[in-house]
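Reader: Hello! I have the sequence and the model open side by side, and I would like a close look at one part. Could you walk me through the pocket and then through some of the parts of the fold?

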Amino acid sequence: MSEQSTPAGSGATRKHTALPKARILIEALPWLTRHHGKTVVIKFGGNAMVDEELKAAFAQDVVFLRHAGLRPVVVHGGGPQISKQLDALGIESEFKGGLRVTTPEAMDVVRMVLAGQVQRELVGLLNQHGPLAVGMTGEDAHLMTATKHYADIDGELVDIGRVGEISAIDPGAVQALLDDGRIPVISSVARSADDGHVYNVNADTAAAALAAALNAETLMVLTDVEGLYEDWPNSDEVISRLTATELEKLLPELASGMVPKMRGCLHAVRNGVHTARVIDGRVQHSILLEIFTDEGIGTMVLPDAKDATTDEGAGA
């Protein structure tokens, strides 16, 4: 029997096509080394929450981080899903000062959608890759405690119902899950120590507070824009990095939707988190691109020089 012949040059072709993959892996090596064992808090939101392909890619990214030796924590809200369910139940959605007025009836829907729908779906996607994800809410184990939040409308404080601000974080349960190799997936609702009610909490704010309490290496906030724009709407040039003080000066000029995200980043880096990043969740695998490549994407916020413990590389 004659030996099967191999087309000339096929081995060389295979080596050639595989080489770029090897280069990508090598490029990731310094970032893998640097972030190994570090906690990364990721705020899941925007289009990534409602697009099936983006949701699947997000889950793959988070599982990759876990298997690469990082300790990812996911915090999520669910504005579009909440609005859809309220509409289906005939409950009117009212907004004041850009915030949803949350009646006790609406709060029941918020809890149901966040913990019973959005969180369950994300936990399921993550657990397709192994017994990794565990869902919880800010109510569990006193993880998040809230106080009632009033909307500031033209200098007047307006009651908007069951909307809260984070007043305390007890990260013990999350730390225990991380130490056990799990991926905590946390819904942004919290119980008040004052009146016992459960409050809807802004997920950007919750993620930032949790990142600080966990002494996380990084806070990552997924958005539907490329990052923080230099001079929007006159330019679509994205600021690749800026310090806490530089960001603080820009806050009054930002579009209302970016304010809680950038305030969260500011809070994080001023309370021990090494970097905070706003990245485009519309790009598949944006988390991996940000953490493990030299270029990085989106906008990175760093502590001021006197507070900084690190300031290296675009993908730092």
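Author: Happy to! The residues that line the largest pocket comprise 19 nonpolar, 18 polar and 8 charged ones. Altogether 45 residues form this lining, and Gly98, Leu99, Asn202, Asp204 and Pro260 lie nearest the centre of the pocket. Its volume comes to about 1,300 Å³. Please keep in mind that this is a predicted model. If you wonder how such a space is found, rolling a probe the size of a water molecule over the atoms shows where empty space is left.

Helix α3 itself spans residues 79-88, and Gln81, Ile82 and Leu86 are buried in it. Looking down the axis of α3, you would find these buried residues within an arc of 135°, so they line one face of the helix. Just past the end of α3 comes Gly90, whose phi is positive, at about 75°.

Another glycine with a positive phi sits in a hairpin: Gly196, with a value near 80°, belongs to the hairpin of β9 and β10, where 5 residues lie between the strands. Strand β9 (residues 189-192) has a partner in β6 (residues 144-153) as well, and these two run parallel, paired over 2 bridges. Here Arg191 of β9 stands opposite Thr145. With β10 (residues 198-201), β9 runs antiparallel, and 3 bridges join the two strands. Along this pairing, Val189 has Asn200 in β10 as its bridge partner.

Glu217 is found between α6 (203-213) and β11 (218-223). Is Glu217 buried or exposed? Its relative accessible area is 5%, and buried means under 20%, so Glu217 counts as buried. Who surrounds it? Apart from neighbours within four places in sequence, Glu217 is in contact with Arg34, His35, Lys38 and Thr39, and also with Val273, His274 and Thr275. To view this spot on your screen, centre on Glu217 and show those contact residues alongside it.

Methods
Residues numbered from 1 in each chain as written. Predicted model: local features only at pLDDT ≥ 70, side-chain atom pairs only at ≥ 80, totals over all residues. Heavy atoms only, no water. Buried < 20%, exposed > 50% of the residue type's maximum accessible area, 1.4 Å probe, protein only. Helix = DSSP H or I, 4+ residues; strand = E, 2+ residues; numbered from the N terminus. Arc of directions from axis to C-beta. 1 Å grid on protein atoms, 1.4 Å probe; cavity = no way out; pocket = protein on both sides within 12 Å on 5 of 7 lines; lining within 4 Å. Points joined across faces, edges and corners; volume = space filled by probe spheres on them. Nonpolar A, V, L, I, M, F, W, Y, C, P; charged D, E, K, R; others polar. Pairing = 2+ DSSP bridges. Contact = heavy atoms within 4.5 Å.
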